[in-house]
Amino acid sequence: MAAAPSRCLLVTGPPGVGKTTLVMRVFETLRGSHPNLSIRGFYTRGVRESGERVGFEVVTVDARSGPLASSKVSSPESVRWPTVGKYKVDVASLESLALPELQVKEETDLFIIDEVGKMELFSSAFFPAVMRVIESNIPVLATIPIPRNGRDIPGVARLRNHPGAAIFTLNTGNRDMMRETIYNQLKCLLQKR
C-alpha cells in the first residue's frame, strides 16, 4: 500500500530562485480550475523604489496588504522593531494581516503560507499559528528559507523535520517541473476533501 501524500508541502531554495512565484502560480492555477475552493493565507512580496528593494509587504490571498519590513521606515515606534539585515520588521502589521488568515476553520480547503522565515518568526504568535495549521487535516503550501551556512532557523527546522512535511527544493532548472508536481499533488489532496 502506498503512503498517503503529504498534506504539508514546503517549498525551499535560495533567495530569488522563485519560491513565491511558484506558490502564486500554483494558487492562481488552482483558483482557475477550482473556483469554489476556500483558500486562506498570505504571501510576501518585495517593495521596490527606483529598481532597488526597500522592503517587503504581506499580501493576503484576498488581496489585502500591509508592510512587513522596510529599510526606509523611521517612525518613533520603529526604533524598537527587530531588524533583519537593513530591514526593520513591522511585527504588528504582519500579525494584523497574517494571523487571521491562519485560523483553522472547517470550511478551509487549503492554506498558503509564504513564508515562514526569520522576519515572520519575530512574532511570538506566528509560529504557534503555523503549527496549528500544519497539525490540522487541511492541506498547506508553504515556503521556507534554505539553511544558511549549514544553520537552520529553529522554527523552520521544526517544520522541515515535521513527519507530515514533504520538502520541494527549488532551483532554476526544476521550477516548472516542481510547479507541476506540487499542483498535481494539491489537486489530488483537494479531490479527497
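A residue is counted here as buried when its relative accessible area is under 20%. The structure described is a predicted model.

The strands are arranged in an open sheet of nine, in the order β5-β6-β4-β3-β2-β7-β8-β1-β9, and their pairing is mixed. The edges are formed by β5 (83-84) and β9 (165-169); each of these has a single partner strand, so one side of each lacks a neighbour in the sheet. Within the sheet, strand β3 (residues 52-60) and strand β4 (residues 65-70) run antiparallel and are joined by five bridges. Gly-55 has Ser-70 of β4 as its bridge partner.

A polar contact of 2.5 Å connects the side chain of Glu-57 with the side chain of Arg-45. When neighbours within four places in sequence are left aside, the residues in contact with Glu-57 are Tyr-43, Thr-44, Arg-45, Val-47, Ser-65, Gly-66, Pro-67 and Leu-68.

In one of the pairs, the ring centres of Phe-42 and Phe-126 lie 6.0 Å apart and the planes stand at 70°, so the arrangement is edge-to-face. Because Phe-42 belongs to strand β2 and Phe-126 to helix α3, this pair ties together parts that are 84 residues apart in sequence. Phe-42 is buried, at 0% relative accessibility, and Phe-126 is buried at 0% as well.

Phe-56 and Tyr-87 also form an aromatic pair, with 5.2 Å from centre to centre and 70° between the planes, and this pair is edge-to-face. Distant parts of the chain are linked by the pair, since Phe-56 lies in strand β3 and Tyr-87 in strand β6 (residues 87-89), 31 residues apart. Both Phe-56 and Tyr-87 are buried.

Note on methods:
Residues numbered from 1 in each chain as written. Predicted model: local features only at pLDDT ≥ 70, side-chain atom pairs only at ≥ 80, totals over all residues. Heavy atoms only, no water. Pairing = 2+ DSSP bridges. Helix = DSSP H or I, 4+ residues; strand = E, 2+ residues; numbered from the N terminus. Polar contact = N/O pair within 3.5 Å; in protein donor to acceptor, adjacent residues only side chain to side chain. Contact = heavy atoms within 4.5 Å. Phe/Tyr/Trp six-rings, centres within 6.5 Å; stacked < 30°, edge-to-face > 60°. Buried < 20%, exposed > 50% of the residue type's maximum accessible area, 1.4 Å probe, protein only.
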